[in-house]
Amino acid sequence: MKAYKIISVLLLLAFLAAACAPAATSTPAATTAPPVSSMPDLGGREVIVAVENAYPPFNSVDENGKGIGWDYDAFTEICKRLNCVPNFTEAAWDGIFEATAAGQYDVVADGVTITDERKKTVAFSDPYMEILQVLLVRADETRFTDSKGLAAQTDLTVATQLGTTNEAVGIALVGESRVKSFEQFDGPVLALLSGDADAVVIDEQAGLGFMEINKDKMKMLKIIDQVPEELGFVFPQGSALIAPVNAALAAMKADGTMDTLYQKWWPQPSQ
């Protein structure tokens, strides 16, 4: 949560009250925000925001069919500052960049990793978060304790989502023949829980979400020697929305709103 996602299903997202968000997953350093009076005004225009609704806690659907998650809260706040109206639209991950490039969506909010390869098709906002990838394994896993131990046991398999950075990392770790890729984001987790895979490569924040939903069934292990990835919102190339959204993001970082949203969806336990 995604160097090719790079992450439909109705999953119940619980607040991660027991999860501790690691320092490596914090938002990028705050920048100087423009004064409120200088914030761009979009004149109340509608902004079509594509979300997968299968990537908790960034986005998912609750038991009442309502979209919830960090992406919903963050872009609602952005539109509040820019005088726009977000129209959150569910979209499949497969083909989402091509659809955005063609103008089907104004922006994608789906925990998307910023990569040079993707910049050939779409444009990105300034980064709003750094993430690490982890191994999600069953709670009783004792055969390995990190990615090196997993790679060394050639009979073990890794599950990922198709076309994501998770998939790329999985292939790099154990080889393509040992990777099982699924079209839907929850597919790898279901494969793990059913015993059809031995580990899932997943963004740390999403891993925390699935652990909260499936209490005491899974745990996370480290992927050794990885570099944090930056996440950003996705736009058609040349979009006039990029600069206003970047201005809103800068203001949200500077006034603490981004930290507040982070704590809401990845709360740290009381000391």
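This is a predicted model: local features need pLDDT of at least 70, side-chain atom pairs count only at pLDDT 80 or more; totals for chains, interfaces and linings use all residues.
Contact here means heavy atoms within 4.5 Å of each other. Helix 6 lies across strand 8, strand 9 (158–161), strand 10, strand 11 and strand 12, and the helix runs at about 150° to strand 11. Helix 7, residues 204–213, lies across strand 8, strand 11 and strand 12; its angle to strand 11 is about 120°.

Five strands form an open sheet, arranged in the order 10-9-11-8-12, with mixed pairing. Strand 10 (179–182) and strand 12 (218–222) are the edge strands, each pairing on one side only. From one strand to the next, the twist averages 35°. The antiparallel sense is seen for strand 8 and strand 12, which pair over five bridges. Within this part of the model, leucine 136 stands opposite methionine 220 of strand 12.

Are the residues of strand 5 buried or exposed? Seven of the seven residues of this strand, which spans residues 107–113, are buried, so strand 5 is largely enclosed by the rest of the structure. Strand 5 pairs with strand 1 (residues 45–51) in the parallel sense, over two bridges. Strand 5 is also joined to strand 13 (residues 229–235), this time by three bridges and in an antiparallel arrangement. Valine 108 is a handy residue to look for in the 3D view: valine 108 is the bridge partner of alanine 50, and valine 108 also has valine 234 of strand 13 as a bridge partner.

The largest nonpolar core has 53 residues. Those with the most contacts inside this core are Trp70, Phe75, Ile78, Met129, Ile202 and Phe233. A second, separate core contains 13 residues, including Ala91, Phe97, Tyr105 and Val234. For background, nonpolar side chains tend to be buried together in soluble globular proteins.

The model also holds one disulfide. In general terms, a disulfide is a covalent bond between the sulfur atoms of two cysteines. Here the partners are cysteine 79 and cysteine 84, whose sulfur atoms are 2.1 Å apart. The link is left-handed, with -100° about the S-S bond. How accessible is each partner? Cysteine 79 has a relative accessible area of 2% and is buried, while cysteine 84, at 10% relative accessibility, counts as buried too.

Lysine 264 is partly exposed, with a relative accessible area of 36%, and aspartate 73 is partly exposed at 23%.

Another pair stays inside helix 1. The side chains of arginine 81 and glutamate 77 meet in a salt bridge, with an N to O distance of 2.7 Å. Both residues lie in helix 1, four residues apart, which is about one turn of the helix. Buried means under 20% relative accessible area, so glutamate 77, at 18%, counts as buried, whereas arginine 81, at 22%, is partly exposed.

A further salt bridge brings together the side chains of arginine 143 and aspartate 198, at 3.0 Å from N to O. Arginine 143 lies in the loop between strand 8 (133–138) and helix 4 (147–152), and aspartate 198 lies in the loop between helix 6 (187–194) and strand 11 (199–203), so this pair ties together parts that are 55 residues apart in sequence. Arginine 143 is partly exposed, with a relative accessible area of 39%, whereas aspartate 198 is buried at 10%. These two residues also take part in a network of salt bridges that links Arg138, Glu141, Arg143 and Asp198.

Conventions: Residues are numbered from 1 along each chain as its sequence is written. Side-chain values use heavy atoms; hydrogens and water are left out. A disulfide is a pair of cysteine sulfur atoms within 2.5 Å. Buried means under 20% relative accessible area, exposed over 50%, partly exposed in between (1.4 Å probe, protein chains only). A nonpolar core is a set of buried Ala, Val, Leu, Ile, Met, Phe, Trp, Tyr and Cys residues joined through side-chain atoms within 4.5 Å. A salt bridge is a side-chain nitrogen of Lys or Arg within 4 Å of a carboxyl oxygen of Asp or Glu. Two strands pair if DSSP finds at least two bridges between them. Axes are lines fitted to C-alpha atoms, for helices over the stretch in contact, and angles run from 0 to 180 degrees between N-to-C directions.
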